[in-house]
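Please open the model in a viewer and keep the sequence panel at hand.

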Amino acid sequence: MAKQDELKFSKSHEWVFFDGDKVKIGLSDYAQEQLGDIVFIDLPDEGDEVTKGESFADIESVKAVSEVYSPMSATVVAINEELMDSPELINSAPLDTWIIEVEGVEEIEDLLTAEEYKTFCEESEEE
């Protein structure tokens with residue numbers, strides 16, 4: 001899909017790819033490494049509203065169940081149905097595997113560049 005430098009990132013470890021008026025959202029490589037082997041994902045429905053900072057999906061790994069937070073407010077226009085049968089795609093290709101696609105995007109000012117996100121993750125590990 002996109003190169004890492006074309007992606008934006010949230011501090012809750014989701015990536016964002018702007019494709020015209022639609023935006024794809026996925027889980028960062030850092031997040032999937034922290035989770036371990038992903039075995040299940042509970043996705044929202046098309047037409048659902050997602051709100052910045054609020055959970056829109058649950059991901060179950062062999063370690064724990066974690067929530068995926070929306071980096072922006074928007075309307076879900078597509079879900080990656082492949083993940084229903086193969087959630088491990090997030091582990092094998094996190095930056096190529098989108099979770100949802102949204103439009104009507106609002107509140108994007110807090111997104112980080114790839115370089116800013118890398119620095120944020122490094123600083124988080126030092127704490």
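Begin by selecting Phe 9, Tyr 117 and Phe 120, which form one aromatic cluster. Rings of Phe, Tyr and Trp (its six-membered ring) pair here if their centres lie within 6.5 Å; planes under 30 degrees apart count as stacked, over 60 as edge-to-face and the rest as tilted. The model is a predicted one, in which local features need pLDDT of at least 70 and side-chain atom pairs count only at pLDDT 80 or more, while totals for chains, interfaces and linings use all residues. Residues are numbered from 1 along each chain as its sequence is written, and side-chain values use heavy atoms, with hydrogens and water left out.

By the ring rule there are 2 aromatic pairs. The pair of Phe 9 and Tyr 117 is stacked, at 4.5 Å centre to centre and 10 degrees between the planes. Because Phe 9 lies in strand E1 (residues 8-9) and Tyr 117 in helix H4 (residues 114-126), this pair ties together parts that are 108 residues apart in sequence. Helices (H or I, at least four residues) and strands (E, at least two) are DSSP runs, numbered from the N terminus. Both Phe 9 and Tyr 117 are buried (under 20% relative accessible area; exposed is over 50%, partly exposed in between; 1.4 Å probe, protein chains only).

Next, select Ser 28, in the loop between strand E3 (22-27) and helix H1 (29-35). Ser 28 counts as buried because its relative accessibility is 0%. A polar atom of its side chain lies 3.1 Å from the backbone nitrogen of Ala 31. Beyond its neighbours within four places in sequence, Ser 28 is in contact (heavy atoms within 4.5 Å) with residues including Phe 9, Trp 15, Pro 94 and Tyr 117.

Now display the largest nonpolar core, which has 24 residues. Such a core is a set of buried Ala, Val, Leu, Ile, Met, Phe, Trp, Tyr and Cys residues joined through side-chain atoms within 4.5 Å. Leu 27, Phe 56 and Ile 59 are among the residues with the most contacts inside it. Elements giving two or more residues to this core include E3, H1 and strand E6 (55-61). Apart from it lies another core, of 12 residues, among them Leu 7, Trp 15, Tyr 117 and Cys 121.

Finally, follow E6 into strand E7 (residues 65-69): the two pair in the antiparallel sense over 5 bridges, where pairing requires at least two DSSP bridges. A hairpin joins E6 to E7 through 3 residues, and Glu 60 has Val 65 in E7 as its bridge partner.

Notes
Polar contact = N/O pair within 3.5 Å; in protein donor to acceptor, adjacent residues only side chain to side chain.
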